[in-house]
Amino acid sequence: MTTPATDPTPAVLVLEDGRTFTGRAYGALGVTFGECVFATAMTGYQETLTDPSYHRQVLVATAPHIGNTGWNDDDDESLRIWVAGYVVRDPSPRPSNWRARRSLDDELRRQHIVGISHVDTRALTRHIRDQGAMRVGIASDGTSAEALLEQVRAQPEMAGANLVADVTTPEPYVVPAVGEKKFTVAAVDLGIKAMTPQRMGERGIEVHVLPASASLADITAIDPDGVFFSNGPGDPAASEEAVALLTQVLDAELPYFGICFGNQIFGRALGLETYKLPFGHRGVNQPVQDLRTGKVEITSQNHGFAVRAPEGNRATTPWGEVSVSHISLNDNVVEGLELTDENGDVIAYSVQYHPEAAAGPHDAAYLFDRFLDLLARRERSTDNLQNNSQPTAGEEA
């Protein structure tokens, strides 16, 4: 493993409002642009950087020391780093971990990710928190701050961005069940993390991961017991195809579970609005309350948009009643939705956070078990319906 240069090239970071920070080059040399956001995790930078939900975002790490454990070949959540740029304060000069294969700086260079180090990330984070997420540029190629600001202001905003096609799988693939196969699930990849289907596979679910362009016919062709929509980047209001597909899934009365972007798409399919948060929720220490039980979970999150709560936290839809099931304890943002039928049984649900916990706490792992219970209940209901339709003794078949 190599270490960062002892006298790295000067670099500059410029926000669209003109606020400027100077530092040193980190990762690849060059220029990059994106939406400037911050994540409050103290660990898990490899999983974070490879999360497709960070597509077209320049990520600020609030933890001061980054790169301590280097980069290994096992913890990637996708096939590449997705952040548009990386901002850190004190990069580790010497990674130390038995699993490390190279330094974080080496990997950023290898994947051509432009970053900046030795920045006052506390001041930058406070600015974003106060003024909101905004467009940003990083340059380590000699571009002046004035020239960079002009280029930053010419970049597209995140609001209205449909980015799903950039991150989805080009071809379907299968993640097999571990041990005995219990159910089959169609997972629509809007920017899925590798750990998500793995968590379902650990519970005996065979997961068929489908491209975001999949149709209802593609879903029903695998005869799934349920449907899952993943996390992903961009503005849910711009992902009309995903909303239309989920509407068809609900019409087909297939059990549904969604996380993060899948929660926002679920909300829009049910007729609820979505909106852009001032600076979003990103990190592995976000407190959420389950309104049904009062239990508090510490969760892993990465989102800049949210579902607007209906009046009274409940609304009637063509498929049943939707209610807010979870809220953020930081700002009361909707963190979960439940759809119940006329009998009050949950037929679909979603959360705004990441129960697969890669990286993060495992407080929310029960949500995968809940999906298993939902699939089992549907199976029993289907079996009972088929048994009741069979002719009894003495009747003609």
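Relative accessible area, computed with a 1.4 Å probe on protein chains only, sorts residues into buried (under 20%), exposed (over 50%) and partly exposed (in between). By this criterion R56 is partly exposed, with a relative accessible area of 24%. The structure is a predicted model, in which local features need pLDDT of at least 70 and side-chain atom pairs count only at pLDDT 80 or more, whereas totals for chains, interfaces and linings use all residues. Residues are numbered from 1 along each chain as its sequence is written, and side-chain values use heavy atoms, with hydrogens and water left out.

The domain assignment divides the protein into domain 1 (10-154) and domain 2 (164-383); such bounds come from an automatic or database domain assignment. The centres of domain 1 and domain 2, taken over C-alpha atoms, are separated by 29 Å. Contact, defined as heavy atoms within 4.5 Å, involves 21 residues of domain 1 and 22 residues of domain 2. The size of an interface is often given as the accessible area lost when the parts come together. Here the buried area, that is, the accessible area (1.4 Å probe) that two parts lose on being put together, summed over both, is about 1,700 Å² between domain 1 and domain 2. Carbon and sulfur atoms give 52% of this area.

Polar interactions also occur across the interface. Eleven residue pairs, both residues at pLDDT 80 or more, are in polar contact between domain 1 and domain 2. A polar contact is a pair of N or O atoms within 3.5 Å; within protein, one must be able to donate a hydrogen and the other to accept it, and residues adjacent in sequence count only if both atoms are side-chain atoms. On the side of domain 1 that touches domain 2, β3 (31-39) and α3 (121-131) each supply at least two residues. The largest share of that side, four residues, comes from β3. Helices (H or I, at least four residues) and strands (E, at least two) are DSSP runs numbered from the N terminus. By class, the side of domain 1 that touches domain 2 comprises nine nonpolar, six polar and six charged residues. In this scheme Ala, Val, Leu, Ile, Met, Phe, Trp, Tyr, Cys and Pro count as nonpolar, Asp, Glu, Lys and Arg as charged, and the others, Gly among them, as polar.

Side chains of opposite charge can pair when their charged atoms come close. A salt bridge is counted when a side-chain nitrogen of Lys or Arg lies within 4 Å of a carboxyl oxygen of Asp or Glu. One salt bridge is found across the interface of domain 1 and domain 2. A salt bridge also joins the side chains of K276 and E35, at an N to O distance of 2.7 Å. The whole structure contains 19 salt bridges. In one of them, the closest N and O atoms of E206 and K181 are 3.4 Å apart. Because E206 lies in strand β12 (residues 205-210) and K181 in the loop between β10 (173-175) and β11 (183-188), this pair ties together parts that are 25 residues apart in sequence. K181 counts as partly exposed, at 44% relative accessibility.

A further salt bridge connects the side chains of E356 and K193 (3.1 Å, N to O). E356 occupies the loop between β20 (346-351) and α10 (366-389) and K193 the loop between β11 and α6 (195-201), so the pair ties together parts that are 163 residues apart in sequence. Both E356 and K193 are buried. The side chains of R199 and E202 likewise form a salt bridge (3.4 Å, N to O); R199 is buried at 17% relative accessibility, while E202 is partly exposed at 39%.

Most residues other than glycine have a negative phi, and most peptide bonds are trans. A cis peptide bond, with omega of about 0 degrees, joins A358 and A359, and A359 is found in the loop between β20 and α10. R56, in the loop between α1 (45-49) and β4 (57-61), has a positive phi near 70 degrees. Phi of N313 is also positive, near 65 degrees. N313 lies in the loop between β16 (296-307) and β17 (314-317) and is partly exposed, with a relative accessible area of 29%.
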